[in-house]
Amino acid sequence: MQPESQNATNGPKSQLEWGQINFLHTTDTHGWLEGHLKEQNYGADWGDYVSFVKGMRRKSKELGVDLLVVDTGDLHDGAGLSDATSPNGAVSNVIFEKLDYDLLTIGNHELYVSEIAYETFSQFSKFYGDRYLTSNVQIYNPSTSAFEYIGQRYRYFKTEHGIRIMSFGVLFDFTGNSNVSKITKGADMVKEQWFLDAVNYHKPIDMFLLIGHNPVRPTGKAGDTGTFATVYSAIRKARPDVPIQGFGGHTHIRDFFVYDNKATALESGRYCETLGWVAIDGLSCGPKSPKDVPHPSREAKIISNITLPHSNTSSSLRYARRYLDWNRLTFAYHASGSQAHTVRPLDTQAGKSVTADITTERTKLNLTSLYGCAPQTWCQTCAPFMSAGNIFSLLSTALSTVVVNSTRATTPRIIIINTGSIRFDLAKGPFTYDDSFIVSPFADAFQFIPDVPYAQAKQVLGILNAGAFQKRSTPAPPERGFETRDFAFQPYILLDGDTCVDPPTTSPSLHKRSGRTIRRSTPSPGYTTTDDFGSDGDDTMHARIPFYAQPNDLQANASFPADGTEPETVDVVFLDFIQSYVIDALNKVGGTYAAADVSYYLPKTFTTNSYLPVFAKQMWQAHVPDCPVGAGIGS
Ligand SMILES: O=c1ccn([C@@H]2O[C@H](COP(=O)(O)O)[C@@H](O)[C@H]2O)c(=O)[nH]1
Ligand SMILES: [Zn+2]
Ligand SMILES: [Zn+2]
């Protein structure tokens with residue numbers, strides 16, 4: 001938790017619009033429940049969010065409207081709090097569960113590893129009961145010897161104010177799951193009798209809620225693994241006029257897509273950087289539109305040129321969407337009523353106790369244990385591939401240096417990793433046990449094929465980079481952005497020790513309100529989103545961060561002849577996660593390899609999460625500015 005009074009950030013631009021029904025949406029939290037300790041703009045923790053939701057629920061009650069809180073999966077793989085335990089999520093899921101979600105669904109990261117899939121089935125799903133939706137995901141239950149849905153296929157319910165909702169939770173067409181689970185493709189699920197019965201339910205439906213770990217925007221291209229358009233189309237064909245509201249995820253972006261004049265869908269980023277907000281007015285049922293707050297005012301108009309079935313009647317529905325930055329300033333501003341002159345404290349007892357739990361668990365897990373001090377920041381996408389500030393230039397050196405089997409140390413080798421195994425920037429300063437998960441959390445290990453003719457081996461990278469991104473459906477578009485520590489924050493300066501959370505104005509640079517003064521400076525770098533409603537969705541205005549697309553894979557070389565000549569043969573070392581792609585590539589250029597030719601290059605316990613700590617311990621022990629003086633070096 002970082003106090004809002006010290007929050008080095010711009011603030012929210014204006015009050016949220018509230019409608020008859022309103023939604024808060026998280027997705028792809030990936031264990032970031034401690035918040036972003038190195039980026040104040042996303043510095044709130046899960047306890048702050050628990051307090052915020054409490055405040056927003058109270059506000060919705062006062063306004064006499066509905067508020068639903070939704071999450072769309074990917075809870076692990078991205079931070080120490082979730083990944084330093086065995087199984088992943090043993091601690092973080094319990095903290096996550098402090099939030100009283102109304103609807104949730106499963107992500108692909110709950111399905112890669114069987115143990116985690118079973119934990120999700122027996123614990124997480126049971127905790128949320130009928131609110132956990134997995135319309136197309138089943139798991140083999142050894143005690144019944146049958147495949148069973150991990151959660152519920154659908155939920156029909158009435159909101160507090162009487163809106164009758166039919167909801168589904170649909171995972172994209174994911175194929176990288178371990179063999180204990182089964183994912184029904186979207187196109188097949190919509191033909192299943194239970195789904196047809198649910199769409200044509202015997203009780204009235206005022207709104208469909210389609211949640212899913214699933215991109216909201218169809219690509220329109222063959223091979224699109226996103227299935228929201230398929231499910232939307234099936235519902236729309238059967239129910240031409242019923243509103244459909246979607247909440248998606250997986251591609252880690254902020255996005256809002258208009259399907260038709262009664263159907264839209266929101267995607268709310270990743271890693272506890274973004275909290276999504278949707279407000280809808282104009283429903284013929286449910287509560288009255290609230291008084292004394294801004295209202296949703298936008299009609300949903302189709303922008304996309306992808307042809308889908310759509311409603312042919314006019315619509316009274318009006319929408320608002322907003323992407324909130326995940327910090328206490330934002331939470332305090334929107335939930336505690338500062339903009340309505342009735343300032344209430346943000347924190348609740350429950351929220352504070354969650355924050356305390358996070359601190360305790362982080363200590364128990366040794367997450368601040370230090371490996372070394374990074375001399376600079378290396379980012380994933382803010383600099384061109386392999387340029388000095390790009391993380392893959394660092395990794396190329398790290399892989400060549402530490403991925404070495406001592407019995408084959410002098411044998412030339414190429415080492416290939418998928419760039420998707422890297423999940424975040426590496427910041428200048430302390431590189432901790434926690435950071436090792438933040439940058440590269442996976443337990444993927446290094447395998448190899450020995451003595452491959454170099455004429456074949458040298459072609460592998462080009463083939464991989466020309467092909468589909470390994471097991472990922474959609475590349476991140478340029479809208480995705482976040483502050484890196486190399487960008488200086490340009491904060492509001494709170495004068496006179498003031499802790500106010502007044503909204504900024506666009507000008508002038510000194511803002512006076514309620515006798516309190518905030519000096520504003522230019523926006524800090526961050527998200528600058530464009531979606532189907534335009535470019536006004538970001539709650540806090542930011543300066544755009546440069547975005548450079550990165551290739552699918554990175555290759556590092558080691559022990560090559562010193563005279564610059566090409567070796568006859570090399571060891572081809574790669575992550576087990578991309579084994580099949582590497583074998584296919586080799587076989588495309590004359591190889592005749594199979595899985596039987598592959599063995600582990602290093603012990604299976606040496607993973608993508610291991611090589612940077614080893615490198616940091618070797619190279620970054622010297623003191624650099626920004627590192628805590630006297631901090632111990634982790635082992
Ligand atoms: O063992 C693994 C699992 C996943 N990856 C990478 O992650 C993405 C999927 O992440 P999302 O958060 O669902 O987008 C996958 O495409 C891989 O690039 C991995 O490297 N190893
Ligand atoms: Zn994700
Ligand atoms: Zn995902």
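**Ground rules**

I number residues from 1 along each chain as its sequence is written, and I letter chains from A and number ligands from 1 in the order in which they are written. Because the model is predicted, local features need pLDDT of at least 70 and side-chain atom pairs count only at pLDDT 80 or more, while totals for chains, interfaces and linings use all residues; side-chain values use heavy atoms, with hydrogens and water left out.

**Entry: domain record**

I looked up the UniProt record, an unreviewed entry, which lists residues 22–253 for "domain: Calcineurin-like phosphoesterase". UniProt positions are in the numbering used here, feature names are shortened, and annotations may be inferred rather than shown by experiment. Over residues 22–253 I find the chain to be 28% helix and 21% strand, with the end C-alpha atoms 21 Å apart. Helices (H or I, at least four residues) and strands (E, at least two) are DSSP runs, numbered from the N terminus.

**Entry: zinc ion (ligand 2)**

I listed the protein donors of the zinc ion (ligand 2): Asp28 (OD), His30 (NE2), Asp74 (OD) and His252 (NE2), at 2.1 to 2.2 Å. Donors are N, O and S atoms within 2.8 Å of the metal (3.2 Å for Na, K and Ca); water is not among the atoms, so sites may look incomplete. The sequence spacing of these donor residues is D-x1-H-x43-D-x177-H. Two of them link distant parts of the chain: Asp28 is in the loop between β1 (21–26) and α1 (46–63), and His252 is in the loop between β11 (244–248) and β12 (254–260), 224 residues apart.

I then checked burial, where buried means under 20% relative accessible area, exposed over 50%, and partly exposed in between (1.4 Å probe, protein chains only). Asp28 is buried at 0% relative accessibility, and His252 is buried at 2%.

**Entry: zinc ion (ligand 3)**

Which residue joins the two metals? I find that Asp74 bridges the zinc ion (ligand 2) and the zinc ion (ligand 3), which lie 3.4 Å apart.

**Entry: ligand 1**

I counted 17 residues around ligand 1, of which Asn108, His109, Asn418, Arg423 and Asp444 come nearest. A residue counts as near if one of its heavy atoms lies within 4 Å.

I went through some contacts to oxygen atoms of ligand 1. A side-chain N or O atom of Asn108 is 2.7 Å from an oxygen atom of ligand 1. For a polar side-chain atom of His109 the distance to such an atom is 2.9 Å, and for one of Asp74 it is 3.1 Å. The protein covers 97% of the 470 Å² of accessible area that ligand 1 has on its own. Accessible areas come from the Shrake-Rupley method with a 1.4 Å probe; for residues, only the protein chains shown count as cover.

**Entry: disulfide**

I searched the whole structure and found 1 disulfide (a pair of cysteine sulfur atoms within 2.5 Å). Cys379 and Cys382 form it, with their sulfur atoms 2.1 Å apart. The torsion about their S-S bond is about -100 degrees, so the disulfide is left-handed. Cys379 is buried at a relative accessible area of 3%, and Cys382 is buried at 18%.

I also looked at two other cysteines. Cys272 is buried at 2%, and Cys285 is buried at 16%.

Most residues other than glycine have a negative phi, and most peptide bonds are trans.

I noted that Asp74 has a positive phi of about 65 degrees although it is not a glycine. Asp74 has a relative accessible area of 1%. Ser559 also has a positive phi, near 55 degrees. Ser559 is in the loop between β25 (553–558) and β26 (569–575), and is partly exposed at 31%.

The peptide bond from Ser86 to Pro87 is cis, with omega near -5 degrees. I place Pro87 in the loop between α2 and α3 (92–96).

Key: A polar contact is a pair of N or O atoms within 3.5 Å; within protein, one must be able to donate a hydrogen and the other to accept it, and residues adjacent in sequence count only if both atoms are side-chain atoms.
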